[in-house]
Amino acid sequence: MLFCFLVLMANCLSFIFHAQVGSEAKGHHLNLMTLLFSILKTEDKKKIAALYNTSPSYFNSWILSLVEVRNICAHYTRLYNLPLKQTPRLYGENKVYRHDINKIFPVLLVIKRMLNSNEQWESLFRDLKTTINKYLPVIRFDYMGFPSNWQEVLSGLPNSTKPENQYE
C-alpha cells in the first residue's frame with residue numbers, strides 16, 4: 001500500500017507542478033491521494049511525511065489545502081481575496097502569517113517547503129512575480145494574506161524546523 005501511495009503521490013505532485021491546470025483526471029488523482037493517505041497505517045503516514053520533513057498531521061493538512069487550491073484553479077474561480085476552507089498547518093517560523101491562514105500566502109509557504117526551494121519552486125516564484133507585477137496597480141496584497149516583505153519570505157531558503165517547534 002505504501003508503494004502504491006508513493007507512486008500516486010509522485011504522479012499527483014507532477015500534475016500539480018508540471019501540467020496544465022484544468023484536467024478532470026488531475027482532480028481525481030489528488031482526491032484519491034488524500035483518501036489513500038487517510039487510510040494508511042500510521043507508520044506508513046510517518047514515512048511519507050518524513051519525505052517532506054514533516055509530520056503526518058501537517059502533511060495531511062497540506063495536501064488538503066493543495067487539493068482545494070487545485071480545484072479552485074481548475075474551475076476558473078479566483079483565488080484573489082477568496083477565503084480558503086482548508087487551511088494548511090504552519091511551522092513556528094511562519095507563525096506571523098497565521099492571522100491570514102485562510103488566504104493563499106500560507107499555501108505558497110507550504111508549496112515552497114514541499115518543493116524544498118528547488119527549480120520548480122523557482123519557476124513558480126518567477127511566474128508569481130511576473131503576474132503580480134502585471135497587476136501591481138490594482139492588487140491589494142492583504143487580500144491574499146501577503147506580508148509587505150513577501151518576496152523576501154518566498155525567495156529565502158526553507159527553514160528546517162523540526163515538528164517539535166510547530167504549532168497549530
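Biologist: Okay, what are we looking at, and what is the average pLDDT?

Modeller: This is a predicted model. The protein averages a pLDDT of 78. At least 70 is reached by 74% of the residues.

Biologist: Where does pLDDT stay under 50?

Modeller: Residues 15-24 are one such stretch. The model gives that stretch 19 contacts beyond four places in sequence. Residues 160-168 are also below 50, with 27 contacts beyond near neighbours in sequence.

Biologist: Switching to helices. At what angle do α5 and α6 pack?

Modeller: About 150°, with the axes 9 Å apart. α5 spans residues 104-115, and α6 spans residues 119-134.

Biologist: Parallel or antiparallel, then?

Modeller: Roughly antiparallel, because the angle of about 150° is over the 145 degrees cut-off.

Biologist: Which residues make the contact?

Modeller: From α5, L108, I111, K112 and L115. From α6, Q120, W121, L124 and L128. By class, that contact has six nonpolar residues, one polar and one charged.

Biologist: Now the inside. How many cavities of 30 Å³ or more turn up?

Modeller: One, from a search of the whole structure. The volume of the largest cavity is about 40 Å³.

Biologist: What lines the largest cavity?

Modeller: W62, R89, L90, Y91, N94, L109, V110 and R113. Five of the lining residues are nonpolar, one is polar and two are charged.

Biologist: Which helix gives the most to that lining?

Modeller: α5, with three residues.

Technical notes:
Residues numbered from 1 in each chain as written. Predicted model: local features only at pLDDT ≥ 70, side-chain atom pairs only at ≥ 80, totals over all residues. Heavy atoms only, no water. 1 Å grid on protein atoms, 1.4 Å probe; cavity = no way out; pocket = protein on both sides within 12 Å on 5 of 7 lines; lining within 4 Å. Points joined across faces, edges and corners; volume = space filled by probe spheres on them. Helix = DSSP H or I, 4+ residues; strand = E, 2+ residues; numbered from the N terminus. Nonpolar A, V, L, I, M, F, W, Y, C, P; charged D, E, K, R; others polar. pLDDT = per-residue confidence, 0-100. Contact = heavy atoms within 4.5 Å. Axes fitted to C-alpha atoms, helices over the stretch in contact; angles between N-to-C directions. Parallel < 35°, antiparallel > 145°, perpendicular 65-115°, else oblique.
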